[in-house]
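Here is my note on this structure, for a colleague who has not seen it before. The points are numbered and can be taken in order.

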Amino acid sequence: MRMSALPFMLELSMLNTVIVGGGQLAYKRALSIIEAGGHVTVVAPTLHPQLHALALAEKLRWEARYVSGDECFLADLLFLCTDQPLLHQQLLQNRAPRQLVYVGDQAQAGHVYVPAKIEKGLLTVSISTAGASPSYTKRIKGQIANMLPEHAAEELAFLQKARELVLASNGGNGEKRALLQELASPERLQDERREQWLDDQLRRIAEDNQK
Ligand SMILES: C[C@@]1(CC(=O)O)C2=NC(=C\c3[nH]c(c(CCC(=O)O)c3CC(=O)O)Cc3[nH]c(c(CC(=O)O)c3CCC(=O)O)/C=C3\N/C(=C\2)[C@@H](CCC(=O)O)[C@]3(C)CC(=O)O)/[C@H]1CCC(=O)O
Ligand SMILES: NC(=O)c1ccc[n+]([C@@H]2O[C@H](COP(=O)([O-])OP(=O)(O)OC[C@H]3O[C@@H](n4cnc5c(N)ncnc54)[C@H](O)[C@@H]3O)[C@@H](O)[C@H]2O)c1
């Protein structure tokens, strides 16, 4: 059994995903892939009502049919989400070269599995137990959610813009780094005059460079 895997943030807009199966699990996975900008084709004889709604809204493509174990899909990512473990084994075996496969009933059988996640604006926290216990994952997720800064979304929106301005300034590298560190401190973030403070710092850097 593998002990660990590398957590990744995957940009999905350039990747094609095929999901085999049309139940509750397929719905959960389709929704998160679509929300992350991915393209989804679902192959299943019937669809869970919420998945069907996504198909009607043209958020995904639906091939209404059963899949058999001797097929080979060419998608970049293949999500196996049926209630047929044997079918999953066969499709995993028949995978296309370099295709990444998700096996919904057995985390470590495939190449990827899906952590729980908490999102607050640009902040993402993901939690995994390598499939040891989704229930444990869910409990820890609740505990971590309670610890996160209340204003994380708004603070990160500010920091993203501030970082661009600081990096575009002509200060020295050390000076820029010190500024970015100070901006991220709780004291500075909670200062209601933080925009003014940043403007002052940027002006000072510009003036120093004119001397
Ligand atoms: C985190 C979360 C994200 C999400 O699903 O979005 C997630 N499962 C969640 C909940 C949950 N899932 C299940 C229960 C029932 C109680 C229980 O079994 O404990 C509960 C609890 C509940 O619902 O209360 C049933 C279940 N899940 C898996 C199996 C098969 C197996 O164990 O092999 C079975 C048995 C099916 C059966 O026997 O029929 C497998 C996986 N579930 C994973 C993720 C991946 C590993 C995550 C990790 O590394 O920890 C992994 C390995 C596959 C994957 O998806 O990659 C979400 C957290 C809640 C949240 O986010 O709020
Ligand atoms: N990873 C997780 O978090 C998690 C959670 C719950 C369940 N599971 C596992 O995932 C499996 C699926 O769960 P579910 O709740 O979506 O089940 P479900 O019964 O709602 O859905 C199964 C789907 O598979 C389709 N299907 C069956 N045979 C097919 C075939 N040959 N070709 C194409 N589609 C086919 C069915 O039409 C149905 O749409 C469960 O059996 C369980 O092992 C995983």
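1. Which polar backbone atom is 3.1 Å from a nitrogen atom of ligand 2? The backbone atom belongs to G104. This is a polar contact (a pair of N or O atoms within 3.5 Å; within protein, one must be able to donate a hydrogen and the other to accept it, and residues adjacent in sequence count only if both atoms are side-chain atoms). Taken alone, ligand 2 exposes 860 Å², and the protein buries 66% of that. Accessible areas come from the Shrake-Rupley method with a 1.4 Å probe; for residues, only the protein chains shown count as cover.

2. A word on the basis. The model is predicted: local features need pLDDT of at least 70, side-chain atom pairs count only at pLDDT 80 or more, and totals for chains, interfaces and linings use all residues. Residues are numbered from 1 along each chain as its sequence is written, chains are lettered from A and ligands numbered from 1 in the order in which they are written, and side-chain values use heavy atoms, with hydrogens and water left out.

3. Back to ligand 2. It has 21 residues around it, and G22, Q24, L25, V67 and G104 come nearest. A residue is near if one of its heavy atoms lies within 4 Å of the molecule or strand. A polar backbone atom of L25 is 2.8 Å from an oxygen atom of ligand 2. For V67, a polar backbone atom is 2.9 Å from a nitrogen atom of the ligand.

4. What makes up this shell? There are 10 nonpolar, eight polar and three charged residues. Here Ala, Val, Leu, Ile, Met, Phe, Trp, Tyr, Cys and Pro count as nonpolar, Asp, Glu, Lys and Arg as charged, and the others, Gly among them, as polar. Helix α1 (residues 24-35) gives the most, with three residues. Helices (H or I, at least four residues) and strands (E, at least two) are DSSP runs, numbered from the N terminus.

5. Now ligand 1. It is surrounded by 18 residues, the closest being R29, Y102, V114, S128 and T137. S128 places a polar side-chain atom 2.6 Å from a ligand oxygen. G131 uses a polar backbone atom, 2.9 Å from an oxygen atom of ligand 1. Alone, ligand 1 exposes 1100 Å², of which the protein buries 61%.

6. Salt bridges come to 11 (a side-chain nitrogen of Lys or Arg within 4 Å of a carboxyl oxygen of Asp or Glu). One network links R61, E63, R65 and E71. Within it, R61 and E63 meet at 3.2 Å, N to O. E63 also pairs with R65, the closest N and O atoms being 3.1 Å apart. E63 is partly exposed because its relative accessibility is 26%. Buried means under 20% relative accessible area, exposed over 50%, partly exposed in between (1.4 Å probe, protein chains only).

7. Look also at E175 and R204. Their salt bridge has its closest N and O atoms 3.4 Å apart. E175 lies in helix α6 (residues 173-183) and R204 in helix α8, so the pair ties together parts 29 residues apart in sequence.

8. Last, R194, in helix α8 (residues 194-210). Is R194 buried or exposed? It counts as buried, because its relative accessibility is 8%. R194 touches E154, E155, F158, R188 and L189, not counting residues up to four places away in sequence. Contact means heavy atoms within 4.5 Å.
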